[in-house]
Amino acid sequence: MPNILALYKDFHSKGLNIVGVSLDRDAAKWKDAIAKNNLSWVQVSHLKFWEEPIAVQYEVQEIPSTFILDASGKVIAKGLTGEVLRSKIKELLSK
């Protein structure tokens, strides 16, 4: 989570938006985690664990998972972490 927080801080003003999709089952624990981690971007969940509709749609196989979508919603990269994720976001936002 620290890496995602840093990415958001560094790139949100340049156009990066993040949507957190939770696979939690417990609303209170989910909301507590959002508050504890100071997550200021959009968070969604149907509290259905692996049956979360967005996770099913994007065929999420592991937690955490990252997907980069273009403006039309097309997946242009997935599974990136750390510096590779940062570099890809930087590259895409510079276009």
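This is a predicted model: local features need pLDDT of at least 70, side-chain atom pairs count only at pLDDT 80 or more; totals for chains, interfaces and linings use all residues.
Pro-53 is partly exposed, with a relative accessible area of 37%. Here buried means under 20% relative accessible area, exposed means over 50%, and partly exposed lies in between (1.4 Å probe, protein chains only). Pro-53 sits in helix H3.

Residues are numbered from 1 along each chain as its sequence is written, and side-chain values use heavy atoms, with hydrogens and water left out.

**Overall build**

The protein has 4 helices and 4 strands. Helices (H or I, at least four residues) and strands (E, at least two) are DSSP runs, numbered from the N terminus. Read from that end, the order of elements is α-β-α-β-α-β-β-α.

The C-alpha trace spans about 40 × 30 × 20 Å along the principal axes. For 95 residues, a compact globule would have a radius of gyration near 12 Å; the protein has 14 Å, which agrees. That radius is taken over C-alpha atoms, and the globule rule is 2.2 Å times the number of residues to the power 0.38.

Buried residues make up 22% of the 95 residues. The accessible surface comes to about 6900 Å², and 55% of it belongs to carbon and sulfur atoms. Areas come from the Shrake-Rupley method with a 1.4 Å probe; for residues, only the protein chains shown count as cover.

Contact means heavy atoms within 4.5 Å. Among contacts with a separation of 6 or more, 39% are between residues 24 or more positions apart.

On charge, the protein has 13 positive and 11 negative side chains, and the centres of the two sets lie 5 Å apart. Lys and Arg count as positive, Asp and Glu as negative; His and the chain ends are not counted. Each charge is placed at NZ of Lys, CZ of Arg, CG of Asp or CD of Glu.

**The nonpolar core**

A nonpolar core is a set of buried Ala, Val, Leu, Ile, Met, Phe, Trp, Tyr and Cys residues joined through side-chain atoms within 4.5 Å. The largest one holds 14 residues, of which Leu-7, Leu-16, Ile-68, Leu-85 and Ile-89 touch the most other members. Helix H1 (2-11), helix H2 (27-36) and helix H4 (82-93) each supply at least two residues of this core. The largest share, 3 residues, comes from H1.

Leu-7 shows the packing in detail. Not counting residues up to four places away in sequence, Leu-7 touches His-12, Leu-16, Leu-85, Arg-86 and Ile-89.

**Loops and backbone geometry**

A cis peptide bond joins Ile-63 and Pro-64, with omega about -5°. Pro-64 is found in the loop between helix H3 (53-57) and strand E3 (67-69).

Asn-38 has a phi near 55°, a positive value in a residue other than glycine. The residue lies in the loop between H2 and strand E2 (42-44). Asn-38 counts as exposed, at 60% relative accessibility.

Phe-49 also is not a glycine, yet its phi is positive, about 50°. Phe-49 is in the loop between E2 and H3. With a relative accessible area of 32%, Phe-49 is partly exposed.

Lys-14 belongs to the loop between H1 and strand E1 (19-21). At 54% relative accessibility, Lys-14 counts as exposed.

**Residue pairs across the chain**

The table lists C-alpha separations for some residue pairs.

| Pair | Apart in sequence | C-alpha to C-alpha |
|---|---|---|
| Ile-34 and Gly-20 | 14 residues | 9.6 Å |
| Leu-69 and Asn-17 | 52 residues | 9.9 Å |
| Lys-14 and Leu-80 | 66 residues | 20 Å |

Ile-34 is in helix H2. Leaving aside neighbours within four places in sequence, Ile-34 is in contact with Leu-39 and Gln-43.

Leu-69 is in strand E3. Leu-69 counts as partly exposed, at 36% relative accessibility. Not counting residues up to four places away in sequence, Leu-69 touches Tyr-58, Lys-74, Val-75 and Ile-76.
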